[in-house]
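The sequence and coordinates come first.

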Amino acid sequence: MVYVETQLPSPGHESEDRKAIWLASISEGRKPEEVALIRTALDIADKAHLTQVRASGEPYLNHAMAVADIVTGLRLDHESIAAAVLHDVVEDTDVTLEHVRELCGPGVAHLVDGVTKMSSIGDYHLGEGRK
C-alpha cells in the first residue's frame with residue numbers, strides 16, 4: 001500500500017486555490033528550484049487540460065495532481081512528480097514532448113515519454129495467441 005502524504009483540497013475550493021493548496025502541500029521540504037519545476041509542470045498541465053473533464057465531470061487536472069500525489073507518496077524526486085503531473089499532456093493535448101523538454105528539462109521529458117510509451121505495451125504480443 002502506498003502512503004500518500006498530500007491531499008487534494010476539497011472540491012469546494014476554486015481552481016486557483018486548489019492548485020495553490022496542493023502545491024504548498026507537495027512543496028514542504030523541497031528546494032525552491034524543485035518547487036519551481038513542479039509549478040511549471042502544473043501550469044503546463046492546467047493550460048493543456050483546461051477544457052478537459054473526466055467522465056465523472058471533475059476537471060482533468062485533478063487526476064494529474066492525484067497521480068502526482070501517488071508519486072510523492074512513493075518518495076520519488078521532483079522530476080518524477082513533475083512528470084506525473086504531465087503524464088497525459090503529450091498524449092491527450094497539443095503539447096509536444098519538445099515543449100515539455102524546453103520548459104521542464106530533458107529528465108522530465110524522458111520520464112513523460114516513457115510513461116506515454118507504456119500505454120502501447122498491450123499492443124505487443126507476449127507469446128502465441130496472447131496480446
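Isoleucine 81 is buried, since its relative accessible area is 0% and the cut-off for burial is under 20%. The coordinates are those of a predicted model. Isoleucine 81 belongs to helix α4. Apart from neighbours within four places in sequence, its contacts are Ile26, Arg30, Ile38, Ala68, Val71, Thr72 and Leu76. Valine 67 is 14 residues away from isoleucine 81 along the chain, and the two C-alpha atoms are separated by 8.5 Å.

**Overall make-up**

The protein contains seven helices and zero strands. In sequence order the pattern is α-α-α-α-α-α-α. The chain has 131 residues, of which 38% count as buried. Among contacts with a separation of 6 or more, 56% join residues 24 or more positions apart.

**Helices α2 and α4**

Helix α4 covers residues 78-85, and helix α2 covers residues 32-48. Their axes come within 8 Å and cross at roughly 5 degrees. Angles under 35 degrees count as roughly parallel, and α2 and α4 therefore fall in that class. On the α2 side the contact is made by Glu34, Leu37, Ile38, Ala41, Leu42 and Ala45, which meet His78, Glu79, Ile81, Ala82 and Val85 in α4. By class, this contact has eight nonpolar, one polar and two charged residues.

Alanine 41 is one of the α2 residues in that contact. Alanine 41 is buried, with a relative accessible area of 0%. Leaving aside residues within four places in sequence, alanine 41 touches Ala82, Val85, Leu86 and Cys104. Between alanine 41 and glutamate 79 there are 9.5 Å from C-alpha to C-alpha, for 38 residues apart in sequence.

**Helices α1 and α3**

Helix α1 (residues 15-27) and helix α3 (residues 60-73) have axes that come within 12 Å and cross at roughly 10 degrees. This pair is therefore also classed as roughly parallel. Arg18, Lys19, Trp22 and Ile26 are the α1 residues in the contact, and they meet Leu61, Asn62, Met65, Ala68, Asp69 and Thr72 in α3. The contact of α1 with α3 has five nonpolar, two polar and three charged residues.

Which residues does lysine 19 contact, beyond its neighbours within four places in sequence? They are Leu42, Asp46, Leu61 and Met65. Lysine 19 lies in α1 and counts as buried, at 7% relative accessibility. Not counting residues up to four places away, aspartate 46 touches Glu16, Lys19 and Leu61.

**Accessibility of selected residues**

| Residue | Relative accessible area | Class |
|---|---|---|
| Lysine 19 | 7% | buried |
| Alanine 41 | 0% | buried |
| Arginine 75 | 56% | exposed |
| Isoleucine 81 | 0% | buried |

**The loop between α3 and α4**

Arginine 75 is in the loop that joins α3 and α4. With a relative accessible area of 56%, arginine 75 is exposed. Its backbone has a positive phi of about 65 degrees, although arginine 75 is not a glycine. Most residues other than glycine have a negative phi.

**The second largest pocket**

What is the volume of the second largest pocket? It is about 150 Å³. The lining consists of Val67, Ile70, Val71, Leu76, Ser80, Ala83, Ala84, His87, Leu111 and Val115. Helices α3, α4 and α7 (106-118) each supply at least two of the lining residues. By class, the lining divides into eight nonpolar, two polar and no charged residues.

Some of these lining residues also figure in the description of isoleucine 81. Val71 and Leu76 line the pocket and are among the contacts of isoleucine 81. Val67 is another lining residue, and its C-alpha atom is the one separated by 8.5 Å from that of isoleucine 81.

How values were computed
Residues numbered from 1 in each chain as written. Predicted model: local features only at pLDDT ≥ 70, side-chain atom pairs only at ≥ 80, totals over all residues. Heavy atoms only, no water. Axes fitted to C-alpha atoms, helices over the stretch in contact; angles between N-to-C directions. Helix = DSSP H or I, 4+ residues; strand = E, 2+ residues; numbered from the N terminus. Parallel < 35°, antiparallel > 145°, perpendicular 65-115°, else oblique. Contact = heavy atoms within 4.5 Å. Nonpolar A, V, L, I, M, F, W, Y, C, P; charged D, E, K, R; others polar. 1 Å grid on protein atoms, 1.4 Å probe; cavity = no way out; pocket = protein on both sides within 12 Å on 5 of 7 lines; lining within 4 Å. Points joined across faces, edges and corners; volume = space filled by probe spheres on them. Buried < 20%, exposed > 50% of the residue type's maximum accessible area, 1.4 Å probe, protein only.
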